Amino acid sequence: MSSSSKAVLPKHVAIILDGNGRWAKQRGLPRNFGHKKGAENVKEIVRAASDAGVKILTLYAFSTENWKRSAAEVRILMELFGIYLESYTEELRAQQVRVHIIGERGDLAAGLQAKAERLEAATAMNTGMVLNIAINYGGRTELLRAMAAYAATLPQPAEPSAWTEEGLAAHLYPGAQDDVDLLIRTGGDFRISNFLLWQISYAELYFTPTLWPDFTAAELRSALQNFGRRERRFGGVSEGG
(Lines give C-alpha, C1' and ligand atoms only; values in the text may rest on other atoms or scores of the structure.)
Protein backbone atom coordinates (compact mmCIF):
# COMPACT_ATOMS: atom_id res chain seq x y z
CA MET A 1 0.00 0.00 0.00
CA SER A 2 1.51 3.31 -1.01
CA SER A 3 1.80 6.27 1.35
CA SER A 4 -0.69 8.20 -0.74
CA SER A 5 -3.31 5.45 -0.40
CA LYS A 6 -3.00 5.53 3.39
CA ALA A 7 -4.38 9.06 3.64
CA VAL A 8 -7.96 8.04 2.94
CA LEU A 9 -11.22 8.94 4.59
CA PRO A 10 -13.33 6.18 6.10
CA LYS A 11 -16.56 5.73 4.18
CA HIS A 12 -18.52 4.31 7.13
CA VAL A 13 -17.84 5.59 10.65
CA ALA A 14 -19.62 4.07 13.65
CA ILE A 15 -19.57 5.61 17.12
CA ILE A 16 -20.47 4.11 20.49
CA LEU A 17 -21.74 7.11 22.46
CA ASP A 18 -20.52 6.39 25.98
CA GLY A 19 -20.04 8.56 29.04
CA ASN A 20 -23.16 10.72 29.42
CA GLY A 21 -23.86 9.57 32.97
CA ARG A 22 -20.27 9.98 34.10
CA TRP A 23 -20.13 13.44 32.52
CA ALA A 24 -23.08 14.48 34.66
CA LYS A 25 -21.72 12.81 37.82
CA GLN A 26 -18.40 14.64 37.49
CA ARG A 27 -20.38 17.89 37.65
CA GLY A 28 -22.64 16.85 40.48
CA LEU A 29 -25.66 16.71 38.17
CA PRO A 30 -28.35 14.05 37.64
CA ARG A 31 -27.67 11.59 34.82
CA ASN A 32 -30.41 13.08 32.66
CA PHE A 33 -28.34 16.27 32.30
CA GLY A 34 -25.59 14.17 30.73
CA HIS A 35 -28.05 12.58 28.34
CA LYS A 36 -29.37 15.99 27.30
CA LYS A 37 -25.85 17.27 26.72
CA GLY A 38 -25.04 14.12 24.76
CA ALA A 39 -28.09 14.59 22.55
CA GLU A 40 -27.00 18.15 21.80
CA ASN A 41 -23.54 16.89 20.87
CA VAL A 42 -25.00 14.52 18.29
CA LYS A 43 -25.89 17.53 16.16
CA GLU A 44 -22.33 18.85 16.20
CA ILE A 45 -20.79 15.51 15.33
CA VAL A 46 -23.28 14.76 12.56
CA ARG A 47 -22.52 18.14 11.00
CA ALA A 48 -18.76 17.62 11.38
CA ALA A 49 -18.87 14.13 9.85
CA SER A 50 -20.93 15.34 6.93
CA ASP A 51 -18.62 18.30 6.36
CA ALA A 52 -15.59 15.99 6.47
CA GLY A 53 -17.00 13.83 3.69
CA VAL A 54 -18.02 10.73 5.66
CA LYS A 55 -20.63 8.82 3.62
CA ILE A 56 -22.26 6.79 6.41
CA LEU A 57 -22.37 7.59 10.13
CA THR A 58 -23.90 5.08 12.55
CA LEU A 59 -24.50 6.16 16.15
CA TYR A 60 -25.17 3.70 18.97
CA ALA A 61 -27.76 5.53 21.06
CA PHE A 62 -29.59 2.76 22.96
CA SER A 63 -28.83 -0.94 23.05
CA THR A 64 -31.12 -3.89 23.68
CA GLU A 65 -29.27 -4.25 27.00
CA ASN A 66 -29.97 -0.67 28.07
CA TRP A 67 -33.49 -1.66 29.15
CA LYS A 68 -31.78 -2.93 32.31
CA ARG A 69 -31.35 0.67 33.47
CA SER A 70 -33.82 2.26 35.84
CA ALA A 71 -37.31 2.93 34.50
CA ALA A 72 -36.81 6.65 35.15
CA GLU A 73 -33.61 6.81 33.10
CA VAL A 74 -35.11 4.80 30.24
CA ARG A 75 -38.15 7.11 30.21
CA ILE A 76 -35.90 10.19 29.99
CA LEU A 77 -33.88 8.65 27.18
CA MET A 78 -36.98 7.79 25.19
CA GLU A 79 -38.32 11.32 25.67
CA LEU A 80 -35.01 12.73 24.44
CA PHE A 81 -35.07 10.47 21.40
CA GLY A 82 -38.57 11.71 20.58
CA ILE A 83 -37.57 15.35 20.93
CA TYR A 84 -34.46 14.82 18.82
CA LEU A 85 -36.24 12.97 16.04
CA GLU A 86 -38.95 15.61 15.86
CA SER A 87 -36.95 18.82 16.25
CA TYR A 88 -33.95 17.97 14.09
CA THR A 89 -35.77 17.28 10.83
CA GLU A 90 -35.30 20.63 9.12
CA GLU A 91 -31.60 20.83 9.98
CA LEU A 92 -31.01 17.35 8.60
CA ARG A 93 -32.92 18.20 5.44
CA ALA A 94 -30.83 21.35 5.02
CA GLN A 95 -27.65 19.26 5.35
CA GLN A 96 -29.04 16.68 2.88
CA VAL A 97 -28.58 13.93 5.50
CA ARG A 98 -30.67 10.79 4.98
CA VAL A 99 -31.75 9.07 8.19
CA HIS A 100 -32.40 5.44 9.09
CA ILE A 101 -33.46 4.34 12.56
CA ILE A 102 -32.04 0.86 13.08
CA GLY A 103 -32.99 -1.60 15.81
CA GLU A 104 -36.05 -3.43 17.09
CA ARG A 105 -38.80 -0.83 16.74
CA GLY A 106 -41.56 -3.08 18.00
CA ASP A 107 -40.44 -2.56 21.60
CA LEU A 108 -40.60 1.23 21.30
CA ALA A 109 -43.65 3.31 22.14
CA ALA A 110 -46.01 3.85 19.21
CA GLY A 111 -45.43 7.59 19.31
CA LEU A 112 -41.67 7.18 19.05
CA GLN A 113 -42.05 4.72 16.19
CA ALA A 114 -44.22 7.23 14.35
CA LYS A 115 -41.64 10.00 14.85
CA ALA A 116 -38.92 7.71 13.51
CA GLU A 117 -40.98 6.92 10.43
CA ARG A 118 -41.72 10.61 9.81
CA LEU A 119 -38.05 11.57 10.06
CA GLU A 120 -37.05 8.79 7.67
CA ALA A 121 -39.74 9.83 5.20
CA ALA A 122 -38.81 13.52 5.46
CA THR A 123 -35.14 12.80 4.65
CA ALA A 124 -35.61 9.89 2.22
CA MET A 125 -34.80 11.98 -0.85
CA ASN A 126 -31.70 13.59 0.61
CA THR A 127 -28.51 12.84 -1.29
CA GLY A 128 -25.82 13.48 1.31
CA MET A 129 -24.49 11.46 4.22
CA VAL A 130 -26.50 8.52 5.57
CA LEU A 131 -27.13 8.78 9.31
CA ASN A 132 -28.08 5.58 11.12
CA ILE A 133 -29.36 6.03 14.66
CA ALA A 134 -29.34 2.73 16.55
CA ILE A 135 -32.19 2.62 19.08
CA ASN A 136 -32.99 -0.68 20.82
CA TYR A 137 -30.24 -2.20 18.71
CA GLY A 138 -28.32 -5.41 19.33
CA GLY A 139 -25.81 -6.94 16.94
CA ARG A 140 -26.79 -10.52 17.70
CA THR A 141 -30.46 -9.71 17.23
CA GLU A 142 -29.70 -8.10 13.88
CA LEU A 143 -27.83 -11.20 12.73
CA LEU A 144 -30.64 -13.53 13.80
CA ARG A 145 -33.19 -11.41 11.95
CA ALA A 146 -30.98 -11.23 8.85
CA MET A 147 -30.40 -14.98 8.80
CA ALA A 148 -34.11 -15.72 9.12
CA ALA A 149 -35.00 -13.26 6.36
CA TYR A 150 -32.24 -14.57 4.10
CA ALA A 151 -33.20 -18.20 4.70
CA ALA A 152 -36.75 -17.41 3.62
CA THR A 153 -35.44 -16.40 0.17
CA LEU A 154 -33.53 -19.65 -0.41
CA PRO A 155 -34.91 -22.93 -1.73
CA GLN A 156 -35.60 -25.39 1.06
CA PRO A 157 -33.72 -27.32 2.12
CA ALA A 158 -30.91 -24.89 1.26
CA GLU A 159 -27.48 -26.29 0.46
CA PRO A 160 -24.65 -24.71 2.46
CA SER A 161 -23.18 -23.42 -0.79
CA ALA A 162 -26.34 -21.34 -1.35
CA TRP A 163 -25.45 -19.05 1.51
CA THR A 164 -23.21 -16.09 0.68
CA GLU A 165 -21.87 -13.17 2.66
CA GLU A 166 -23.43 -10.75 0.20
CA GLY A 167 -26.81 -12.45 0.50
CA LEU A 168 -26.84 -12.21 4.27
CA ALA A 169 -25.56 -8.62 4.31
CA ALA A 170 -28.46 -7.59 2.09
CA HIS A 171 -30.83 -8.44 4.95
CA LEU A 172 -29.10 -6.36 7.62
CA TYR A 173 -30.82 -3.16 8.72
CA PRO A 174 -31.23 -0.69 5.83
CA GLY A 175 -28.60 2.02 5.87
CA ALA A 176 -26.12 -0.01 7.91
CA GLN A 177 -25.34 -2.76 5.42
CA ASP A 178 -21.92 -1.46 4.37
CA ASP A 179 -18.86 -2.58 6.30
CA VAL A 180 -17.64 -0.19 8.97
CA ASP A 181 -14.23 1.31 8.26
CA LEU A 182 -13.72 3.10 11.58
CA LEU A 183 -15.34 2.30 14.93
CA ILE A 184 -14.98 4.98 17.60
CA ARG A 185 -15.85 4.43 21.25
CA THR A 186 -15.90 7.35 23.66
CA GLY A 187 -15.78 7.14 27.45
CA GLY A 188 -12.60 5.16 28.04
CA ASP A 189 -13.89 1.58 27.87
CA PHE A 190 -12.49 -1.02 25.45
CA ARG A 191 -15.57 -2.99 24.43
CA ILE A 192 -17.66 -3.53 21.32
CA SER A 193 -20.89 -3.93 23.32
CA ASN A 194 -22.81 -5.99 20.76
CA PHE A 195 -22.60 -3.25 18.12
CA LEU A 196 -22.60 -3.97 14.36
CA LEU A 197 -20.96 -7.36 14.85
CA TRP A 198 -21.09 -8.28 11.17
CA GLN A 199 -20.17 -4.87 9.82
CA ILE A 200 -17.05 -4.30 12.00
CA SER A 201 -15.23 -7.49 10.97
CA TYR A 202 -12.35 -5.44 9.53
CA ALA A 203 -12.99 -2.07 11.11
CA GLU A 204 -10.19 0.01 12.53
CA LEU A 205 -10.84 0.69 16.23
CA TYR A 206 -10.37 4.05 17.94
CA PHE A 207 -10.88 4.30 21.70
CA THR A 208 -10.81 7.62 23.52
CA PRO A 209 -11.22 8.47 27.21
CA THR A 210 -13.21 11.55 26.23
CA LEU A 211 -16.78 11.32 27.48
CA TRP A 212 -19.37 11.62 24.73
CA PRO A 213 -20.68 15.11 25.68
CA ASP A 214 -17.08 16.39 25.45
CA PHE A 215 -16.28 14.64 22.16
CA THR A 216 -15.79 17.53 19.76
CA ALA A 217 -15.65 17.99 16.02
CA ALA A 218 -11.90 18.49 16.43
CA GLU A 219 -11.50 15.08 18.07
CA LEU A 220 -13.59 13.50 15.33
CA ARG A 221 -11.23 15.01 12.77
CA SER A 222 -8.29 13.65 14.78
CA ALA A 223 -9.82 10.16 14.69
CA LEU A 224 -10.31 10.44 10.92
CA GLN A 225 -6.70 11.53 10.50
CA ASN A 226 -5.54 8.65 12.69
CA PHE A 227 -7.47 6.27 10.43
CA GLY A 228 -5.78 7.76 7.37
CA ARG A 229 -2.36 6.90 8.79
CA ARG A 230 -3.18 3.23 9.33
CA GLU A 231 -2.34 0.44 6.93
CA ARG A 232 -5.31 -1.83 6.30
CA ARG A 233 -4.21 -5.25 5.06
CA PHE A 234 -7.45 -7.28 5.31
CA GLY A 235 -5.50 -10.44 6.06
CA GLY A 236 -2.74 -9.73 3.55
CA VAL A 237 0.75 -8.40 4.07
CA SER A 238 2.23 -4.95 3.70
CA GLU A 239 4.44 -3.97 0.78
CA GLY A 240 7.45 -4.24 3.04
CA GLY A 241 6.63 -7.87 3.79
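Q: In which sense do β5 and strand β6 pair, and over how many bridges?

A: Keep in mind that this is a predicted model. Here β5 and strand β6 (residues 204–207) pair in the parallel sense, over four bridges; one example is leucine 183, whose bridge partner in β6 is leucine 205.

Q: Which way do the residues of strand β5 point, and are they buried or exposed?

A: In a regular strand, side chains alternate between the two faces of the sheet. In strand β5 (residues 182–185), Leu182 and Ile184 point one way while Leu183 and Arg185 point the other way, and all are buried.

Q: Turning to a helix, which residues of α6 are buried, and what do they pack against?

A: The buried residues of α6 are Leu112, Ala116, Leu119, Glu120 and Thr123. Seen down the axis of α6, they fall within an arc of 100 degrees, so they line one face of the helix. These buried residues pack against α4 (71–87), α5 (89–94) and β3 (98–102), whereas the face turned away from the buried side carries the exposed residues Ala110 and Ala121.

Q: How many residues does helix α6 have, and how far does it reach?

A: Helix α6 (residues 110–123) has 14 residues and reaches 20 Å from its first C-alpha to its last, which is close to the 20 Å expected at 1.5 Å a residue.

Note on methods
Residues numbered from 1 in each chain as written. Predicted model: local features only at pLDDT ≥ 70, side-chain atom pairs only at ≥ 80, totals over all residues. Heavy atoms only, no water. Helix = DSSP H or I, 4+ residues; strand = E, 2+ residues; numbered from the N terminus. Expected span 1.5 Å × (residues − 1). Buried < 20%, exposed > 50% of the residue type's maximum accessible area, 1.4 Å probe, protein only. Arc of directions from axis to C-beta. Contact = heavy atoms within 4.5 Å. Pairing = 2+ DSSP bridges.
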